[in-house]
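Visitor: Can you walk me through this one? I'd like to start with a piece of the fold and then get to the chain contacts.

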Amino acid sequence: MTFAGKDILTTVGMKKNELIEVLGISAKMEGIVRNERVSTLLQDKVVAVLFLEPSTRTRLSFETAVKRLGAKAITVSDAKTSSGAKGETLADMAKTVEGYVDCIVVRQPTVGGAQIIADAVDIPVINGGDGAGQHPTQALLDLYTMQKERGNLEGLKVAMVGDLKFGRTVHSLTYALSPFNPKEYMFCAPDALQIQESIVNDMRAKGISCVKTASIEKALQADVLYMTRIQKERFEDLAEYEKLKGSYVLTREILFKGNKDITIMHPLPRVDEISSDVDDLPNAAYFRQAHNGVYVRMALLALVMGRA
Amino acid sequence: MTFAGKDILTTVGMKKNELIEVLGISAKMEGIVRNERVSTLLQDKVVAVLFLEPSTRTRLSFETAVKRLGAKAITVSDAKTSSGAKGETLADMAKTVEGYVDCIVVRQPTVGGAQIIADAVDIPVINGGDGAGQHPTQALLDLYTMQKERGNLEGLKVAMVGDLKFGRTVHSLTYALSPFNPKEYMFCAPDALQIQESIVNDMRAKGISCVKTASIEKALQADVLYMTRIQKERFEDLAEYEKLKGSYVLTREILFKGNKDITIMHPLPRVDEISSDVDDLPNAAYFRQAHNGVYVRMALLALVMGRA
Amino acid sequence: MTFAGKDILTTVGMKKNELIEVLGISAKMEGIVRNERVSTLLQDKVVAVLFLEPSTRTRLSFETAVKRLGAKAITVSDAKTSSGAKGETLADMAKTVEGYVDCIVVRQPTVGGAQIIADAVDIPVINGGDGAGQHPTQALLDLYTMQKERGNLEGLKVAMVGDLKFGRTVHSLTYALSPFNPKEYMFCAPDALQIQESIVNDMRAKGISCVKTASIEKALQADVLYMTRIQKERFEDLAEYEKLKGSYVLTREILFKGNKDITIMHPLPRVDEISSDVDDLPNAAYFRQAHNGVYVRMALLALVMGRA
């Protein structure tokens, strides 16, 4: 398959060879950034980076990717200043911007919004997150990070911890990693925030062993520990929240009870679910994971614009 | 005349040969964008794009123009973060920014604000819209679009529909097209939103036939149909609004009653005054019109910085 | 000393030879801007310009510096859209952005915040103002301006007028100029807004003559008159404010009572503490002072990235 001219809207349905292609180009991009810092690969391109809901981290990561490829960015970083405020549809906005740029990166709060934009225009569209829907570049940078940290994506035992019910990144990652024959998925969360049964069923249908647990100590036996934040606002009973949250905080101390070789990931931002004394451990991969986002987004930009 | 070092504050008073020069350079710029995508013409220039009131569409169009010319932009996209909030005058802000950049593009809500800035600084200033005042780059991109869509600007029959009383773009266009001997201006609006008599008188004094009508079906006989939005907030009596608005909605169905060769324009954003089933007709020029804005703004930037 | 890889967090403790080095490189940068307009010196660099509180003037000055050096900027211009809103610490934000860019410029409202960021990352950090704390690039551009306007930084008689109690720029300047053997510091303010005694003591310990006065007419005898704004909100008694503010307004008329050769500076924005009829006098250096900020910030960027 060629990615040229295609949209990147979801990782659902991406084939293993496509995922491997993205990871390979990402590694090339990392080489470019480490050696030349800035490339001229896309110097004749202009990219619209439309963040119609705030997400500084992801926006800056995309803009860095655009600029390290030598391309130019035009940016919307605030929904309130957008024409949407005047009642314009997403499709109309996209059809206008289509005439300005060579590619659209869009983040907005409506599930399916990126698809609407992709349907409206002929240029490539990259989904930077559509509400509770998809966030494919996050799932791809998670894969890239696992591959780099573990040396190989095949046969991993991955524990996901925290808010597995509402956590978009966990859902995407579960599917994106599935073609790489994971040995086991361990879903570690309080009952109220456990993963949907439908996802577990999908994974089991692919032959992946799935375990649910409420104990973070079990999760510490995995190869990869994927931490997420438990959001206070998900609880009706705040006392319940206060009781639970402490059980899902990763500290240096409890890490010693687990696999010494474990890789710790987190989509960030964190609040207090990983103690800062963990940051200095070689296992703490979450800032490297954030940095990998630039390489993966460079790869996707180059691929869809036919230059990779 | 040479545009080098001049300001672009209004189309009022622009001579026919000046308009023709802008249109000619715009066509060159379109060629550059279609072939090379990005130029190095202004690679040593920095342009301030100061949007002190929100207008994403126009801001992105100007930034695209700056970047496709190889120039760099520094941008303000939100009034609230500007020094104006600290009580600074427009003139002081401009005199500061003058030392940073080679050209200022400004949009702000006060009629005459762009003139104040132009008076304060020695570098060229381009008015990106000053409240209910002027929006010269919109008028010029409207002319450029008519010329491209019709093949020739001379002798056109142009119908303007919607809010002609408050619509800034309609006023500017009426004057900007006038040197090209329009055959007829048809002003199509409910009485409450009809064009000012003074504008009609000005046009008749230039020998242009002017017709007022409340019927969009008459307007459909023109060469060019320039649609605008009827704003709810202009009506004291909402029942009146609800009764009227349906009469000024363009649908595929009513278009069949008119000139088959008609060119449909709209300054965008639209809300529901053009039905989306019109978008696929070859006559629907409004997204091309928006795209043309980039070429016209490139032309103006290059002209005032002496590089066209 | 070499600045390569270092942070610029404060001017306190900067040695005279370091200050002289910065001023010398700033002059080179001014030459580049006057002749080539844009350089390729940092064309392989990306700089994060993180303004977590609004300050359009300083942000645009830094972005201009980045772009005139050929580097690329990724920008945050609004606290509300930052991940800080999700409870992320400054250190976490910085450790993420560290992987995107080659240098961080940061403005944020907490005293010591720039130091926290510098401690968290290995790349150079430039403090663009940390609340009531330091604003080193302002102090350095003030020195650069005095040197250009007076021909020499040594032995100046400098009067500072206005809000000396809360005015961050006055505090920084007082220390930054001190190695250049000022002949006299004159602190001109109403009692309620006079400079802290500790600063006066520090300066006297360096052998600098210090005078406090409430009379702006005395201040007019200095070589340099550094005006600042008296902020209404500092006064509990508004009647007191109204009575005082008029005494610290600089007009063309009262200037004739002072040193004809005086250099008038102001960190801007001004509200009404300098009458606009002063702007045309050759002595009025405050807009040139603002423009100098670009050269000084270019110098600092080039220095910390090891290219000056």
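Visitor: Which elements make the right-handed β-α-β unit?
Guide: In this predicted model, the unit is made by strand S5 (residues 157–161), helix H6 (residues 168–177) and strand S6 (residues 184–188), which belong to chain A.

Visitor: How many bridges between S5(A) and S6(A), and in what sense do they pair?
Guide: There are 5 bridges, and the pairing is parallel. In S6(A), Cys188(A) is the residue opposite Val161(A).

Visitor: What joins S5(A) to S8(A)?
Guide: S8(A), residues 224–227, runs parallel to S5(A) and is joined to it by 4 bridges. Leu225(A) in S8(A) is the bridge partner of Ala159(A).

Visitor: And how many residues of S5(A) are buried?
Guide: 4 of the 5, so by the cut-off each of those has 20 or more other C-beta atoms within 10 Å of its own.

Visitor: Switching to the contacts. How many residues of chain A are in contact with chain C?
Guide: 22 residues of chain A, against 21 residues of chain C. Helices H2 (56–68) and H11 (286–304) of chain A each give two or more residues to that side. The largest share, 8 residues, is from H2(A).

Visitor: What's the make-up of that side of chain A?
Guide: 9 nonpolar, 5 polar and 8 charged residues.

Visitor: What rotation superposes chain A on chain C?
Guide: A rotation of 120°, with 0.0 Å of shift along the axis and an RMSD of 0.1 Å. That is the relation of a three-fold axis.

Visitor: Do the copies meet through the same surfaces or different ones?
Guide: Different surfaces, because only 5% of the interface residues of chain A are also interface residues in chain C.

Notes:
Residues are numbered from 1 along each chain as its sequence is written. Chains are lettered from A and ligands numbered from 1 in the order in which they are written. This is a predicted model: local features need pLDDT of at least 70, side-chain atom pairs count only at pLDDT 80 or more; totals for chains, interfaces and linings use all residues. Two residues are in contact if their C-beta atoms, placed from the backbone, lie within 7 Å. Ala, Val, Leu, Ile, Met, Phe, Trp, Tyr, Cys and Pro count as nonpolar, Asp, Glu, Lys and Arg as charged, and the others, Gly among them, as polar. Copies are superposed by least squares on the C-alpha atoms of residues with pLDDT of at least 70 in both. A residue is buried if 20 or more other C-beta atoms lie within 10 Å of its own, exposed if 12 or fewer, and partly exposed in between; C-beta atoms are placed from the backbone. Two strands pair if DSSP finds at least two bridges between them. A crossover is right-handed if, with the strands pointing away from the viewer, the path from the first strand over the helix to the second runs clockwise.
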